[in-house]
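Have a look at the fold first, then read on.

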Amino acid sequence: MASYTPPPKTPDETAFLVGVKLPASTFEDEQENIAELELLATTAGAAVSGSIIQQRTRLEGATYIGKGKLEELAAAVEEKGINLVIFDDDLAPAQARNIEKRVGVNVIDRTELILDIFSKRARTRQARIQVEIAQLTYALPRLKRLWDHLSRQAGGIGTKGPGETQLEVDRRKIREKISALKRELAKIENRTKERRKNREELFNVTIVGYTNAGKSTLLNRLAGSDVLESGRLFSTLDSTTRRVELPGGSAFLMTDTIGFIRKLPAHLVASFHATLLDVEEADLLLHLVDASSPRCAEKISVVNDVLYKVLGDRPSAGKQGFIPTLLVLNKADLLDAGTSSHLDQKYAEAVRVSAATGEGTDELLDAVGREIRKGTTLARVTVPVADGRTLALVEKAGQVVRREVEDEDVVFTVRLRRRDVGRLEQSADVTILVEESGQP
Ligand SMILES: Nc1nc2c(ncn2[C@@H]2O[C@H](COP(=O)(O)OP(=O)(O)OP(=O)(O)O)[C@@H](O)[C@H]2O)c(=O)[nH]1
Ligand SMILES: [Mg+2]
């Protein structure tokens, strides 16, 4: 069977980029999109030798771009020795086939490029399975074109693809493979859930954001960890969780997650569900933004859209109805005065930091501390000395501020997440304490 391998890419691959500007977007938008595509292409290891943006009122069904532009593209490919054409938007299988016929080199779209980067980056079994599911799901409707690729590589004029029967067999095998991978992923997901149950029940803060926003850099800065940070896109595919201490002795768990990007295909988001569990189970989300990016507003809404996709249809995330979110503007060190005051007006509520220099991180920790106080409550929990099981439960369920023995009981003063109070009440005597701020 033809397993899906993305068209081979070597560092000396020379790519040409194609974007289309429709009436709904501006020329500047498209230029930014192409710049991002270029970053993706270089991340994947290709050298970019040019690009075109076609302005159209609507897309051309058969070839995506118009006839004239297609000729222009074919000429550029020939002249510049291009061996890969990358479209900024997803192409229908037939469109890609038609364009390839005309230009004579591999044609891929944004999704294939992202999948290629993901497959190179995936390190853990979980990440590899997630990427493979996404690749196979993507390949399924495109098998015919893959066969065409193969026949072209075989080189013979008039080389025929396999008959429909062979295609059908391959499709079935791919579907079976996807199901098997999903089952394996579900097992990993269950193990992760088990592990989580056993870990300290601290307040969970999860950093989300556009790729390259500086999420890993922030985690490293606050938790002293050494997660890979890089100017390339999608450096992080697996989540990392670390403990962060707050001044005053309390602590929380902070998790760094995979970055989002515009036009992220829905099935790719879905296949990363296991990774995104960290988003569902967060008590607080830090939405980190590269404030120095001219398109930070658009990036914010892309991230919000993906979050909506991840959380929207999952009732488990809706235990509290929604997850509180803090907007954090990063890379403050790169802002000029004009941008800075513009951001001040536009995002008055946001916390501003530089993960690189450490500027603003104290204020960020203060803000997280306030959210922790909102999401948790101080309680007095009384447990009989003899009840070892419940004693252990309390120790794990929250942050113990004081522990006293009174007669036959241990009396804890403990900071609990509000959602854990009910669980503890089943086996211990819990009294909510009113804190000085007036907020229980
Ligand atoms: N100047 C400046 N650069 C920063 C700052 N924070 C992060 N960076 C840089 O931005 C790039 C991306 O940082 P990462 O921490 O890898 O970003 P990320 O959000 O984890 O990216 P992905 O894992 O790819 O989604 C790196 O080159 C960092 O050095 C900052 O506050 N100021
Ligand atoms: Mg990262």
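α1 and α4 are oblique to each other, an angle class left over once under 35 degrees counts as roughly parallel, over 145 as roughly antiparallel and 65 to 115 as roughly perpendicular. Their axes sit 9 Å apart at about 40°, with axes being lines fitted to C-alpha atoms, for helices over the stretch in contact, and angles running from 0 to 180 degrees between N-to-C directions. Helices (H or I, at least four residues) and strands (E, at least two) are DSSP runs, numbered from the N terminus.

This is a predicted model, where local features need pLDDT of at least 70, side-chain atom pairs count only at pLDDT 80 or more, and totals for chains, interfaces and linings use all residues. Residues are numbered from 1 along each chain as its sequence is written, while chains are lettered from A and ligands numbered from 1 in the order in which they are written.

On to the sheet: 4 strands make an open, parallel one in the order β2-β1-β3-β4, pairing meaning at least two DSSP bridges between two strands. β2 and β4 are the edges, each pairing on one side only. β1 is joined to β2 by 8 bridges, and Leu17 has Ser51 as its bridge partner in β2.

| Helix | Strands touched | Angle |
|---|---|---|
| α4 | β3 and β4 | about 85° with β4 |

Conventions:
Two residues are in contact if their C-beta atoms, placed from the backbone, lie within 7 Å.
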